Amino acid sequence: MRYIDVHCHLDGDCYGDIPHLMQKIQSAGVQKIIAVGFDLPTSRLSSELAEKYDFCYFTAGFHPTELKKYKDGDLNEIAEIATHPKCVAIGEIGLDYHYPDTDKELQHKIFIEQLKLAHSLSLPVQIHSRDCAEDMLSLLKENAELIKNGALLHCYSHSTEIAAELEKLGLYFSFGGTSTWSGSKKAKRTIALLKEERLLTETDSPYLPPKSMYGTFPNTPASIPEILSNMAEIRGVPEEHMSETVWQNAHTLFKKLQN
């Protein structure tokens with residue numbers, strides 16, 4: 001079976017030896033990973049990893065909770081990084097209202113600017129959406145033309161009703177370790193509800209380990225087989241079918257992934 005992690009973070013010291021990590025990932029049968037940037041340094045680092053490892057691709061973007069360090073001109077640098085042949089999307093971008101000091105106006109502004117950037121580069125986007133379901137839906141409806149090249153809502157956590165509306169806009173949805181947890185009823189319902197051609201697998205490593213690793217850190221893309229197995233069980237299909245479906249979905253959305 002072919003496995004892919006469409007959203008992981010490989011920055012930081014928590015993994016220890018990166019060559020050993022990459023070997024572990026491939027030994028688990030994960031044939032492709034997308035290392036996700038969330039600011040300028042991590043976008044650059046992700047591009048360096050993609051250059052070093054054939055099976056690694058990357059994204060470049062500014063995460064909503066990282067905007068305190070954002071300055072004018074940063075998006076020009078993101079745009080330059082995104083011209084790399086292995087940059088498959090602009091991301092991780094979006095909205096996050098979780099923290100009390102959230103600057104919603106700034107988040108909206110930079111989110112839309114990055115949607116425009118992705119559109120200008122003919123790239124899809126990887127979207128982070130936390131505690132902001134109605135605003136996210138409204139903004140994406142208002143800017144539907146800017147996501148014609150595709151959009152992924154990663155680690156989906158909103159309601160099935162919101163998912164149905166986002167699906168109408170052509171979005172894809174990725175699910176990670178939390179979808180395997182016993183209490184994740186909303187995620188399981190959403191996986192069952194969506195069309196299979198909209199489903200993808202991720203880990204959001206080093207966070208959100210699957211059920212078998214609950215409470216451990218760091219999580220790694222080697223967890224993808226467990227996540228996919230759970231997705232297949234929820235949908236009542238063979239793992240081989242789910243694996244091939246997710247693989248094809250990823251290559252349909254991220255057109256710069258090489259077959």
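How many of the residues of strand E4 (residues 87-96) are buried? In this predicted model, 10 of the 10 residues of E4 are buried, so the strand is largely enclosed by the rest of the structure.

## Strand E4 and its partners

E4 pairs with E3 in the parallel sense, over three bridges. In this pairing Phe58 stands opposite Cys87 of E4.

E4 is also joined to strand E5 (residues 125-130), by five bridges, and these two strands run parallel. Here Asp96 stands opposite Arg130 in E5. The chain passes from E4 to E5 through helix H4 (residues 104-120), and this β-α-β crossover is right-handed.

## Helix H2

Helix H2 covers residues 40-52, 13 residues in total. At 1.5 Å a residue it should span 18 Å; the C-alpha atoms at its ends are 19 Å apart, which agrees.

The buried residues of H2 are Leu40, Thr42, Ser43, Ser46, Ser47, Leu49 and Ala50. The elements that cover these buried residues include helix H1 (18-27), strand E2 (30-36), strand E3 (56-60) and helix H3 (74-81).

## Glu167 in helix H6

Glu167 belongs to helix H6 (residues 160-168). Glu167 is buried yet has no salt bridge. The nearest side chain of opposite charge is that of Arg198, 5.4 Å away, whereas a salt bridge needs a nitrogen–oxygen pair within 4 Å.

Leaving aside residues up to four places away in sequence, Glu167 touches Phe173, Leu194, Lys195 and Arg198.

Note on methods:
Residues numbered from 1 in each chain as written. Predicted model: local features only at pLDDT ≥ 70, side-chain atom pairs only at ≥ 80, totals over all residues. Heavy atoms only, no water. Helix = DSSP H or I, 4+ residues; strand = E, 2+ residues; numbered from the N terminus. Buried < 20%, exposed > 50% of the residue type's maximum accessible area, 1.4 Å probe, protein only. Lys, Arg positive; Asp, Glu negative; His and termini not counted. Contact = heavy atoms within 4.5 Å. Expected span 1.5 Å × (residues − 1). Pairing = 2+ DSSP bridges. Right-handed = clockwise from strand over helix to strand, strands pointing away.
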